[in-house]
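Please keep the sequence and the 3D view at hand while reading.

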Amino acid sequence: MSGFKRRRLIQTAFAAAVLGASGLAAAPARMGGTLKAGLTGASAADRWDSRTHMGNFIGAAAIAVFDTLTEIAADGSLRGELATAWTASPDARIWDVTLRDGVRFHDGGAFGARDVLASLALHRDDASGARPLVDTIASAERLTDHRIRFTLASGNADFPWLLADPALLIYPADRIPEAMARGIGTGLYRVESFEPGRRFVGRRVETHYKDGQAGWFERVEFLAMSDGAARVSALRSGQVDAIDRVAPARAARLQDAPGLRLQRVAGNQYYGFAMQTGAAPFDVLHIRQALKHAIDRQGILDKVLLGHGRIGADSPIGPLNSYDAGLAAPAYDPDRAAHHLRKAGLSGLTVALGVSDMAFDGAPEAAALFADSARPAGIDIVATHDSSGDYWRETWRQAPFRATAWSGRVTEDWMFSTALQHGAPWNDTQWGMAQSPRFQMLLAEARSELDSARRAGIYAEMQHILRDEGGLLIPVFADHLSAVSDRIATPGTLGTARALDNARLAERWWRA
């Protein structure tokens, strides 16, 4: 028996007590074996540069190889990963963060404060979706090798949550290009092989600070599988142990399939359509309002999601958020939609809608339903289909009206900062100062407001602004639908922030 296996068996003897306290599992995990998963969203452009990450394939692989400072636990709480503690000044503007000692990168180099500072600085890049999060840091000072002081531009009680963003991976400061080329992190699995857009294989490191708490597989293998039918077939045949993005139409058939189980997890994932508010005709408020009343939300929930979700109200804030205002959705009302067209000086409207199954399962069907429901209002929606595997890198940024989806974020500031802040790279509706200076002002105000009741009021107003004026059409929040073989055991509580246990299947699951 190898030293690796002996250490893992000894650690497993303590697993029940340790995991029971951490919330990862209620029973001892089995050590060893391989996890194979068929995942979506892969691209030949995938690499270990977290500024570019899109899709579940590279997202789950990166989490296996790298660490962030904090992480979202399965129960939705925040806990340390490479950080062990954090304290704030009374105004939440100065944060002292203590880093984990004794951690090493996969090539043997020691982890410390300089690695954190260099890794976060990468996201000053205009192309990084995490740039708005890092931009809130006015200065970062290394106090010791394992203590950092962050001074923010303004107070932010959510700051430790932002450090869990999956883009904020930590690299070795003195060899970042090499780390991005080879995949050198501090995660539970070192890269054994990586074929961008096709396959990732990781091998469990010999020792890790999560020993006895996570990382039960000796080997993990992720295969790129963009076709939904092919993923289901691979799971049924035993080629893979788990798959993501089970289409609602296939969910019922998998629900009772022998040897398999369906994972249905409700989170903040939304499906919908994005209007670029800086581009004609969507720069006209009455046009946006007409489209909000021209979409049959219940029809999309019933016919596309087959009930696997709930109605949305054009705000990305959902039940995972503490300050969800519980908005009533704009009613489906063709007459009211036509009224808004007349207010815009139009008797009818024809718009092109960019659509792809890469955006979300059932996107073409949702677009067709949207077109049917909008027609009585005098709105002609013409869907243009993009079947390329790089929809998110191409059509997503080009079409002024397009299908969109996101898993959301667990705090309001995190969500709004990355998706709706003026100038944010992932602000695909171009929502900014010109569209709503009030919203942008409230975003800054809420960030530094420490009184919970006042903060709730600010976020409620922001959600109302988005519903009534914004460029996001969010007809539905969609459950995460995944499927797993009975060969794999999972914790009793699964993370809801992202599919497949917050994309941490490699570290939280084990062989049954």
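## Burial and overall form

A residue is called buried when its relative accessible area is under 20%, a value above 50% making it exposed and anything in between partly exposed. The model is a predicted one, and in its protein chain buried residues make up 59% of the 512 residues.

The secondary structure of the protein chain amounts to 19 helices and 21 strands. Its radius of gyration is 23 Å, close to the 24 Å that the globule rule gives for 512 residues, so the protein chain is as compact as a globular protein of that length.

## Aromatic pairs

The count of aromatic pairs comes to 18. One of them joins Phe 105 and Phe 111 in an edge-to-face arrangement, with 6.4 Å from centre to centre and 65 degrees between the planes; both Phe 105 and Phe 111 are buried.

Phe 370 and Phe 401 also form an edge-to-face pair, here with 6.3 Å between the centres and 80 degrees between the planes. This pair links distant parts of the chain, since Phe 370 belongs to helix H13 (residues 363–374) and Phe 401 to strand E17 (residues 401–406), 31 residues apart. Phe 370 counts as buried because its relative accessibility is 0%, and Phe 401 counts as buried because its relative accessibility is 0%. Elsewhere, ring pairs link Trp 48, Phe 66, Tyr 171, Phe 194, Phe 200 and Phe 222 into a cluster.

## Strand E17

Strand E17, which contains Phe 401, is mostly covered, with six of its six residues buried. The cover extends to both faces of E17: Phe 401, Ala 403 and Ala 405 are buried on one side, and Arg 402, Thr 404 and Trp 406 are buried on the other.

E17 pairs with strand E13 (residues 270–275) in the antiparallel sense, over six bridges. Within E17, Arg 402 stands opposite Ala 274.

## The largest cavity

How many cavities of 30 Å³ or more does the structure hold? There are six cavities of that size, and the largest cavity contains about 930 Å³ of space. Its lining is made up of 41 residues, of which Gly 55, Asn 56, Ala 405, Trp 406 and Ser 407 lie nearest the centre of the cavity.

Helix H3 (56–65), E13, E17 and strand E19 (480–485) each supply at least two residues of the lining of the largest cavity. By class, the lining of the largest cavity divides into 21 nonpolar, 13 polar and seven charged residues.

## The second largest cavity

The second largest cavity has a volume of about 220 Å³. It is lined by 19 residues, and those closest to its centre are Ile 72, Ala 164, Pro 166, Arg 498 and Asn 502.

Which strand gives the most to the lining of the second largest cavity? Strand E2 (residues 70–72) does so, with three residues. The lining of the second largest cavity holds nine nonpolar, four polar and six charged residues.

Definitions and conventions
Residues numbered from 1 in each chain as written. Predicted model: local features only at pLDDT ≥ 70, side-chain atom pairs only at ≥ 80, totals over all residues. Heavy atoms only, no water. Phe/Tyr/Trp six-rings, centres within 6.5 Å; stacked < 30°, edge-to-face > 60°. Buried < 20%, exposed > 50% of the residue type's maximum accessible area, 1.4 Å probe, protein only. Helix = DSSP H or I, 4+ residues; strand = E, 2+ residues; numbered from the N terminus. Pairing = 2+ DSSP bridges. 1 Å grid on protein atoms, 1.4 Å probe; cavity = no way out; pocket = protein on both sides within 12 Å on 5 of 7 lines; lining within 4 Å. Points joined across faces, edges and corners; volume = space filled by probe spheres on them. Nonpolar A, V, L, I, M, F, W, Y, C, P; charged D, E, K, R; others polar. Rg over C-alpha atoms; globule rule 2.2 N^0.38 Å.
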